[in-house]
Amino acid sequence: AEELFGISRKQLLEKKLFELSHDQSIKHQKNYRFEKAKLAKSRNIRFNWLFDGAEYVIEGEVSLIEVMIDNKLYYQCVIHDQTEQNKLGKEKLRAEVAEGMNIQLEEEIQERINAETRLQEQFLRTRAIFESSSNTLLLTLSLDGNISSFNSHCHNYFKFSFEKEIQLSDSIINYFEELLTAPRVRLFRILIGQVKRGGSIQYEVELMWKKKAFW
C-alpha cells in the first residue's frame, strides 16, 4: 500500500479511504456513501474506484468485508490494482474493434467494387442497346432540358436531314425552335414538364425544314 499510494504507513493510518480518491468532488462523495451504505444489507461489498497512486491513477477494485475482532466491528479493505489488467483489456478491445472495423471496411470496399462492376456491366449493355438501335433515334435530356446523350443514328439523322448537328449540353428547346412551329414548341415544353413530374408520354410531331415535312 505504501508503494502503491506513495505515502508512509503512518500517513495511511491517518487517512480515510475516500481521502485517497482521485476525484474528491461532492458527486463522488455521494457515490462513495452510496457504495458504503450497501454494507447495511450485506456483510461485504465490492465496487470499482479510482485512487491517486504514486505514479499513476489506480483503477482499483475495492472489497469491504465486515469482521468481528474481540466483539468489535471492523471492515477489512482490500484494493486490487486492476490498472494494468484494464489497460490490457482496453488494448485488446481496441484491437478487436479495429480488426472488426477493418473486416467491415474490406467488406464494404468489396461490395462497392462489386456494385461498380455491376454498374459498369449494366452501362455497357445499355450502351450497346443504345448504339445498336439503327432504326431508332435515341436521345436523353437532363432535368434542365439539355441534351445529355444521343446515339450515333440520332446524330447522323439530324445532321443529314436538317444540316444541324446536335451537341451535348445544347438546349433541346433551342434546337427544335428552328424545326417546329411556335405552337408545337409550346406543346413540347408542356410535355417535357409532364415527363419531369414522372409522366410517360408518346406522341408524333411534324418537323418542318426547307419546306419539307419529316415524321
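## Basis and overall make-up

Helices (H or I, at least four residues) and strands (E, at least two) are DSSP runs, numbered from the N terminus, and two strands pair if DSSP finds at least two bridges between them. The structure is a predicted model, in which local features need pLDDT of at least 70 and side-chain atom pairs count only at pLDDT 80 or more, while totals for chains, interfaces and linings use all residues. Residues are numbered from 1 along each chain as its sequence is written, and side-chain values use heavy atoms, with hydrogens and water left out.

The chain holds seven helices and seven strands. Read from the N terminus, the elements follow the order α-α-α-β-β-β-α-β-β-α-α-α-β-β. Of the 215 residues in the chain, 24% are buried (under 20% relative accessible area; exposed is over 50% and partly exposed in between, with a 1.4 Å probe and protein chains only). Taking contacts (heavy atoms within 4.5 Å) between residues at least 6 apart in sequence, 29% join residues at least 24 apart.

Strands of a sheet pair through backbone hydrogen bonds, either parallel or antiparallel. Here three strands form an open sheet in the order β1-β2-β3, with antiparallel pairing. The edges are taken by β1 (44-52) and β3 (72-81); each has a single partner strand, so one side of each is left without a neighbour in the sheet. On average, neighbouring strands of this sheet are turned by 30° against each other, direction ignored. Such angles are taken between axes, which are lines fitted to C-alpha atoms, for helices over the stretch in contact; angles run from 0 to 180 degrees between N-to-C directions.

Nine bridges join β1 to β2 (residues 57-69) in the antiparallel sense, and the hairpin of these two strands has four residues between them. Along this pairing, Trp49 is opposite Gly60 in β2, and Asp52 has Val57 as its bridge partner. Between β2 and β3, also antiparallel, there are ten bridges. Glu61 is bridged to His80 in β3, and Glu66 faces Tyr75 in β3. Two residues separate β2 and β3 in their hairpin, where Asp70 has a positive phi near 55°. Helix α3 (residues 26-37) lies across β1 and β2 and runs at about 155° to β1.

Val57 belongs to strand β2. With a relative accessible area of 32%, Val57 is partly exposed. Apart from neighbours within four places in sequence, the contacts of Val57 are His22, Leu50, Phe51 and Thr83. The C-alpha atom of Val57 is 9.3 Å from that of Ser21, and the two residues are 36 residues apart along the chain.

Gln82 sits in the loop between β3 and α4 (83-132). Its relative accessibility is 13%, so Gln82 counts as buried. When residues up to four places away in sequence are not counted, Gln82 touches Asn48, Glu59 and Glu61. Of these, Glu61 is also the bridge partner of His80.

## The second largest pocket

Rolling a probe the size of a water molecule over the atoms shows where empty space is left. The search uses a 1 Å grid over the protein atoms alone: a cavity is a set of points where a 1.4 Å probe fits but cannot get out, whereas a pocket is an open set with protein on both sides within 12 Å along at least five of seven lines, and lining residues have an atom within 4 Å of a point. The second largest pocket has a volume of about 330 Å³, the volume being the space filled by probe spheres set on the points, with grid points joined across faces, edges and corners.

The lining of this pocket has 13 residues, and those nearest its centre are Leu17, Tyr32, Lys36, Leu64 and Tyr75. Two or more lining residues come from each of α3 and β3, and β3 gives the most, with five residues. By class, the lining has nine nonpolar residues, one polar and three charged (Ala, Val, Leu, Ile, Met, Phe, Trp, Tyr, Cys and Pro count as nonpolar, Asp, Glu, Lys and Arg as charged, and the others, Gly among them, as polar).

## The β4-β5 hairpin

Strands β4 (residues 139-141) and β5 (residues 147-150) pair in the antiparallel sense over three bridges. Leu139 is opposite Phe150 in β5. The hairpin has five residues between the two strands, and Gly145 in the turn has a positive phi of about 85°.
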